[in-house]
Each structure stands twice: as C-alpha cells, then as structure tokens.
Amino acid sequence: PERTLVLVKPDGVRRGLSGEILRRIEAKGYTLTAVELKNATPDVLAQHYAEHEGKPFYAPLVEFMLSGPVLAVVAEGQGVIAGFRSLAGATDPTAAAPGTIRGDLGRDWGLKVQQNLVHGSDSPESAEREIGLWFPQP
Ligand code: GTP
Ligand code: MG
C-alpha cells in the first residue's frame with residue numbers, strides 16, 4: 001500500500017498535540033506502521049529540506065526543526081500521500097481551512113519561523129526518500 005512520512009514538528013510536540021494528530025490520521029482510516037520520537041540532525045534536515053536550500057526561510061526553518069524533538073511517523077493506506085496533505089491543510093495555518101490540522105490547531109506563522117505543526121510528503125518519490133531518511137534500514 002501507499003506510504004507517507006509525517007512529522008509532528010517541534011511546535012506540535014511541545015504543545016502536546018502529538019496524540020491529537022495521530023488520532024486524526026487513524027480516524028481517517030490510515031494505518032500507523034512506525035512512530036518514533038527523534039531529535040533531528042543538521043544532516044538529516046539538509047537532505048529533508050534540500051529543495052528549499054537557498055530560500056530566505058531555509059535557515060530559520062532548520063533552526064526551528066532543531067529546537068526540540070519531532071515525532072516521525074509512517075502512515076499507510078490508499079491515497080495517503082494526498083489524503084494526509086488534505087488533513088494537514090494549507091501550509092500557512094492562518095489560511096488553512098477549519099477542519100484541518102493546521103486550520104484547527106495552528107497559529108499565525110509569526111515574524112520569524114513558520115510553525116505549522118506537521119510535515120507530510122508531497123509525492124511517492126518524496127515519501128520513499130523521506131522514509132529512508134527518517135527510518136534508515138541497517
Ligand atoms: P511540509 O509538509 O512541511 O513540507 O509543508 P508544505 O509542503 O506545505 O510546505 P513546503 O514544502 O513548501 O515548505 C516546507 C516548510 O517550510 C513549510 O511547512 C514551512 O514550515 C516552511 N515554509 C514554506 N514556505 C515558507 C515561506 O514562504 N516562509 C517561511 N518563513 N517558511 C516557509
Ligand atoms: Mg513540503
């Protein structure tokens with residue numbers, strides 16, 4: 001079945017929203033096949049966010065992602081890549097629709113860093129790459 005990588009970002013872990021976010025994924029009918037609290041490293045983040053290198057928000061984003069543990073999750077199910085992004089809502093929590101994770105639980109990005117609670121892979125290629133990055137197989 002299709003798989004996606006979800007991260008509960010440091011703001012979500014700090015605010016105690018990990019359970020609520022996992023609950024929404026399971027309530028939608030997806031299966032959690034890996035869940036692990038991890039500390040990101042600069043190396044993993046450089047690979048994870050390679051597409052954003054050089055953008056103005058890249059350095060603050062990496063700094064934010066290093067500010068506390070993240071919950072790394074693999075979720076499975078038909079259509080889960082698009083389905084989770086739909087559950088997550090628009091990137092900017094202020095614009096995200098009510099009913100979505102970011103719309104219901106997210107706050108304004110603020111001046112420095114975008115804190116939008118979750119990450120979800122955006123394509124099958126990204127998903128496999130990101131799952132290998134966060135859950136390396138020996
Ligand atoms: P992810 O699921 O986290 O990848 O979100 P996304 O796919 O909706 O957004 P994208 O991959 O474009 O950006 C990755 C992350 O970088 C976002 O989740 C934000 O935290 C941050 N980000 C993206 N665009 C901007 C921006 O214009 N300004 C700032 N400050 N941060 C941004
Ligand atoms: Mg993205």
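## Strands and the sheet

Two strands pair if DSSP finds at least two bridges between them. Strands (E, at least two residues) and helices (H or I, at least four) are DSSP runs, numbered from the N terminus. In this predicted model, local features need pLDDT of at least 70 and side-chain atom pairs count only at pLDDT 80 or more, while totals for chains, interfaces and linings use all residues. Residues are numbered from 1 along each chain as its sequence is written, and chains are lettered from A and ligands numbered from 1 in the order in which they are written.

S1 and S3 pair in the antiparallel sense, over six bridges. Val-8 stands opposite Leu-71 in S3. S3 also runs antiparallel to strand S2 (residues 31–38), joined by seven bridges. There, Thr-31 faces Glu-76.

## The core

A residue is buried if 20 or more other C-beta atoms lie within 10 Å of its own, exposed if 12 or fewer, and partly exposed in between; C-beta atoms are placed from the backbone. Six of the seven residues of S3 are buried, so S3 is largely enclosed by the rest of the structure.

A nonpolar core is a set of buried Ala, Val, Leu, Ile, Met, Phe, Trp, Tyr and Cys residues joined through C-beta atoms within 7 Å. The largest one has 27 residues, and those with the most contacts inside it include Val-6 and Phe-84. Elements giving two or more residues include S1 (3–8), S3 (70–76) and helix H5 (80–88). S3 gives the most, with six.

## The annotated active site

UniProt's unreviewed entry marks His-119 as "active site"; such annotations may be inferred rather than shown by experiment. His-119 sits in strand S4 (residues 118–120). His-119 is buried, with 23 other C-beta atoms within 10 Å. Two residues are in contact if their C-beta atoms, placed from the backbone, lie within 7 Å. Not counting residues up to four places away in sequence, His-119 touches Val-6, Leu-7 and Lys-9.

## Annotated binding residues

The unreviewed UniProt entry lists Lys-9 and Asn-116 among its "binding site" residues. Lys-9 lies in the loop between S1 and helix H1 (10–14). Lys-9 counts as buried, with 24 C-beta neighbours inside 10 Å. Asn-116 is in the loop between H6 and S4. Leaving aside neighbours within four places in sequence, the contacts of Asn-116 are Thr-91, Pro-93, Arg-102 and Gly-106.
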